[in-house]
Amino acid sequence: MKFCPKCGTQLEDNVTFCSNCGTSLNAAAVASNDPFDHTAEFDAKDISDNKVIAMLPYLMGLLGVIVAALLAKGESQYVSFHIRQALKLNIVSMLVSIVAAVLAFTIIVPIAAGIFAIVIVVLQIIAFFQVCGGKAKEPAIIKNLNFLK
Ligand SMILES: [Zn+2]
């Protein structure tokens, strides 16, 4: 048994197209060449079942991380992935605000930090829409950070 990566329909192993949505399963298996796109590593059923929970960390910040962790109880690889990405975004923005506070007298650093904070918000919005599409991509900027892999 396998599952359609797009809609999660359960399919026979020998089919090449999803009987429900028509997605080519071979094309989906190849997925993308983006090394930061981990979508193919997750079970399609896991993604479709836990999509809503995976959105929370991007919508509600650290509170969303905690709520998602409680709801998923560590049983969803997909949710765990997005919790890690959202945590990274939150940690990076916290570090930047600390640096900005320490270097507030320089004026230019707090301004740069403010712009960076907006970038982080944009990254969270992009990540949120990727979850809507059932994707698992590491957000830009933080994808080069090696902690919380
Ligand atoms: Zn399908």
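**Starting from Phe-42**

Let's start with one side chain: Phe-42 is buried, with a relative accessible area of 13%. Here "buried" means under 20% relative accessible area, "exposed" over 50%, and "partly exposed" anything in between, using a 1.4 Å probe and protein chains only. Keep in mind that this is a predicted model, where local features need pLDDT of at least 70, side-chain atom pairs count only at pLDDT 80 or more, and totals for chains, interfaces and linings use all residues. Residues are numbered from 1 along each chain as its sequence is written, and side-chain values use heavy atoms, with hydrogens and water left out.

What does Phe-42 pair with? One partner is Tyr-78, in an edge-to-face aromatic pair with 5.6 Å centre to centre and 75° between the planes. Rings of Phe, Tyr and Trp (its six-membered ring) pair if their centres lie within 6.5 Å; planes under 30 degrees apart are stacked, over 60 edge-to-face, and the rest tilted. This pair links distant parts of the chain, 36 residues apart: Phe-42 sits in the loop between helix H1 (25–30) and helix H2 (44–72), while Tyr-78 belongs to helix H3 (residues 77–102).

Put together, Phe-42, Tyr-78 and Phe-81 make up one aromatic cluster, and the structure holds 3 aromatic pairs.

Now step back to the whole chain. Its secondary structure comes to 4 helices and 2 strands, in the order β-β-α-α-α-α along the sequence. Those elements are DSSP runs numbered from the N terminus: helices are H or I of at least four residues, strands are E of at least two. The C-alpha atoms fill a box of roughly 65 × 30 × 25 Å along the principal axes. Of the 149 residues, 34% count as buried. The domain assignment (automatic or from a database) gives domain 1 (1–30) and domain 2 (37–144), and their centres, taken over C-alpha atoms, are separated by 29 Å.

Back in helix H3, have a look at Ile-83. Its relative accessible area is 13%, so Ile-83 counts as buried. What does Ile-83 touch, leaving aside neighbours within four places in sequence? It is in contact with Pro-57, Val-65, Ala-68 and Ala-69, where contact means heavy atoms within 4.5 Å. Ala-44, 39 residues from Ile-83 in sequence, is 18 Å away in space, C-alpha to C-alpha.

Finally, check the backbone at the loops. Most residues other than glycine have a negative phi. Lys-73, in the loop between H2 and H3, has a positive phi of about 50° although it is not a glycine. Lys-73 counts as exposed, at 61% relative accessibility. Ile-107 lies in the loop between H3 and helix H4 (108–132), and its phi is also positive, near 65°. Is Ile-107 buried or exposed? With a relative accessible area of 57%, Ile-107 is exposed.
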